[in-house]
Amino acid sequence: MILGVPKKLVQLISVTMAGSKTTVRVDNQYTSTFPITNGLRQGDALSSILFDLVLEAILQKININGHIGTKSLQILAYADDVAMVGRNKNAPKDTLVNIESEARKRGLRINENETKYMEVTRAASNSDHLRCGKYEFEHVKEFNYLGSQLNQTNSTSSEIQARILSGNRCYYAYGKLMKSRALNGSSKLKVYKSLVRPIVTYGCEAWTLTNRDEQYLRIFERRILGKIFGPVQNEDGFWRIRINYELKDLIKTQI
């Protein structure tokens, strides 16, 4: 058995992959078919599962003893995104050499252009690129991992600003819908809560918020709610924008 998978099942999968052919569509025109001699069939239901199993087999070969309090290195893997967090520069370098060796045995290689190196520190950092064997990885101050922005100062403020920017883009993408008179405020609020707000709050469980960060998020939501519900007319006939407590009451009572 390989990773707990019976040998018979492995052989059946190999048979289904053998002799595979594909074609490519360009401008509604199909190329002639050609064989797939290595890798997995793109779009096949088994492709993602098989890739994850191969990656799991590679990572199981890496001997990392201890627990989160004593380990010199942590490995986080999701699909084909692997992050290594080390207490010093040598820990990820040594582990990367082992991963590259195990991956090569299975026909995989590390994408040098997509692999980045970041040093997390509040002090000024002018580190050079990280050289590891035949690879040289770019040193960056921030990068995106699984949709979240990580930076070398471990600050969530830049991540929140990026989330708010994404939320604004999403709102304006549905601008016609949000301005339509065919929808009432309650329906528009449902659109906001189901489509826009989740984009802004993605990954918020891991945030450490400052008072300023909380204020930025409140300002964003009040601005959207103000556009959804519009101004209100006073008793004297003049129109005014809704104040904060009115918007707060509306979002509680509408749904």
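I call a residue buried under 20% relative accessible area, exposed over 50%, and partly exposed in between, using a 1.4 Å probe and protein chains only. I keep in mind that this is a predicted model, where local features need pLDDT of at least 70, side-chain atom pairs count only at pLDDT 80 or more, and totals for chains, interfaces and linings use all residues. Residues are numbered from 1 along each chain as its sequence is written, and side-chain values use heavy atoms, with hydrogens and water left out.

**Cysteines**

I looked for disulfides, meaning pairs of cysteine sulfur atoms within 2.5 Å. The count came to 0 disulfides. For Cys170, the nearest cysteine sulfur is that of Cys204, 16 Å away. Is Cys170 buried or exposed? With a relative accessible area of 11%, Cys170 is buried. Cys204 is in no disulfide either, and I noted it as partly exposed because its relative accessible area is 32%.

**Aromatic rings**

Next I checked ring pairs. A pair of aromatic rings is described by the distance of the centres and the angle of the planes. My rule takes rings of Phe, Tyr and Trp (its six-membered ring) with centres within 6.5 Å; planes under 30 degrees apart are stacked, over 60 edge-to-face, and the rest tilted. That gave me 2 aromatic pairs. Why is the pair of Tyr135 and Phe137 stacked? Their ring centres are 5.7 Å apart and their planes sit at 15°, so the pair counts as stacked. Tyr135 is buried at 9% relative accessibility, and Phe137 is buried at 2%. I then found Tyr171 and Tyr172 edge-to-face, with 5.4 Å centre to centre and 80° between the planes. Tyr171 is buried too, with a relative accessible area of 6%.

**Second largest pocket**

I searched a 1 Å grid over the protein atoms alone; a pocket is an open set of points with protein on both sides within 12 Å along at least five of seven lines, and lining residues have an atom within 4 Å of a point. About 300 Å³ of space lies in the second largest pocket. Its lining includes Leu209, Glu214, Arg218, Asn244 and Lys252. Which helix gives the most to this lining? H7 does, with 6 residues. Helix H7 (211–229) and helix H8 (244–253) each supply at least two lining residues.

Conventions
On a 1 Å grid over the protein atoms alone, a cavity is a set of points where a 1.4 Å probe fits but cannot get out, and a pocket is an open set with protein on both sides within 12 Å along at least five of seven lines; lining residues have an atom within 4 Å of a point. Grid points are joined across faces, edges and corners, and a volume is the space filled by probe spheres set on the points. Helices (H or I, at least four residues) and strands (E, at least two) are DSSP runs, numbered from the N terminus.
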